Amino acid sequence: MSSAWKIMPCALSELRLDHTLKCGQSFRWKEVTPGVWTGVIGHQVWRLKQDASKVYYQVFTRQIKPDACKSDQSLQTQIKSESKESLHLSVKSDEQRIKVECPGEMGDSDWDISINTNNMHKIKVKEEPLFSSENVYESILCDYFQLSVNLGKLYKSWSAADQNFKKISSSFQGIRMLRQDPVENLFSFICSSNNHISRISSMVEKLCDQYGAEITEVDGKLHHSFPQVSALAAPGVEAKLRELGFGYRAKYINVTAKYICDNHSEEWLYSLRNMPYEDAKRELMKLCGVGAKVRHTHSRLLCQSGAPAVAI
């Protein structure tokens, strides 16, 4: 199911899709036609474009039978408490989340909202209806691109501190750090070892096509969600990935997934976001195939403020 184009106000100085989506942070976005980007966030396929003051987006969701709208077929969102009685939602697959479950197809239908409130702080919610499809999807985009961060102010601050940045910043406006799903982020950057962007992108797509859940067909391609850790930990995964051309990375992916399943859970990866940088770094170094480059990059993309940038 697809939606009509929706509009979200956003200036080019705050977000440039072309600069942000092809710079090597995420490997699932493709410019299918000039200025129009197609990719996957969570369990939806997204199509994005922009002009000088707005981002336009379409969301394509899987066809769901009325009795099958459960578990990984639901839009899973995390509550993030903000000031001024606002509510922000982001895609997440841990145990403390909102599950937005629909009676039929995802889209503009009425949604049944069930909330797991374990270990949550009190949350103030505006009385206006926040759970229309537009609000949920816009909140996901805002979280994914971290639009709550004023990039214009940061560029001014960096320009004042660094003359080299000041000289080139006007040519590279709107580059943002993506707030990606930690599972996708980790295994994508294991694929990045001694590799280049086009081949990394190919490997990530093979992972999704082989082990992810089907979403829907867009632009002539059947899209899949990113695999769960348990799927990558299954017997035979290493051999299959070697067959698909992953080389030594096949072992790293399978062994890392097994380690997480045997010693932690997917929620453990999300918990790293709340750890001090040095603690998160030590935890990541326990994973097979995570060296200094992947460790620093993954920590940085987990939004660990102390992590320096590392060339990819």
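I take buried to mean under 20% relative accessible area, exposed over 50%, and partly exposed in between, with a 1.4 Å probe and protein chains only. By that rule I list E283 as buried at 16% relative accessibility.

**Ground rules.** The model is predicted, so I ask for pLDDT of at least 70 for local features and 80 or more for side-chain atom pairs, while totals for chains, interfaces and linings use all residues. I number residues from 1 along each chain as its sequence is written, and side-chain values use heavy atoms, with hydrogens and water left out.

**Salt bridges.** I count a salt bridge when a side-chain nitrogen of Lys or Arg lies within 4 Å of a carboxyl oxygen of Asp or Glu. I get 13 salt bridges by this rule.

I looked up K286 and found it paired with E283, with 3.0 Å between the closest N and O atoms. K286 is partly exposed at 46%.

I then checked R47 and D219, whose side chains form a salt bridge at 2.7 Å, N to O. This pair joins distant parts of the chain, 172 residues apart: R47 sits in strand β4 (residues 44–50), and D219 in the loop between β10 (214–218) and β11 (221–224). I take helices (H or I, at least four residues) and strands (E, at least two) as DSSP runs, numbered from the N terminus. R47 is buried, with a relative accessible area of 17%, and D219 is partly exposed at 40%.

The salt bridge of K54 with D51 spans 3.8 Å, N to O. I note K54 as partly exposed at 25% and D51 as partly exposed at 28%.

I also noted a network of salt bridges that links R28, E205, D209 and K221.

**Helix α9.** This helix (residues 249–263) has 15 residues and spans 21 Å from first C-alpha to last, close to the 21 Å expected at 1.5 Å a residue; the expected span is 1.5 Å times one less than the number of residues. Which residues of α9 are buried? I list R249, A250, I253, N254, T256, A257 and I260. Down the axis of α9 these buried residues fall within an arc of 165°, so they line one face of the helix; the arc is that of the directions from the helix axis to the C-beta atoms. I recall that an α-helix has 3.6 residues a turn, so residues three or four places apart point the same way. The cover over the buried residues of α9 includes α5 (182–191), α6 (197–211) and α10 (266–271), where contact means heavy atoms within 4.5 Å.
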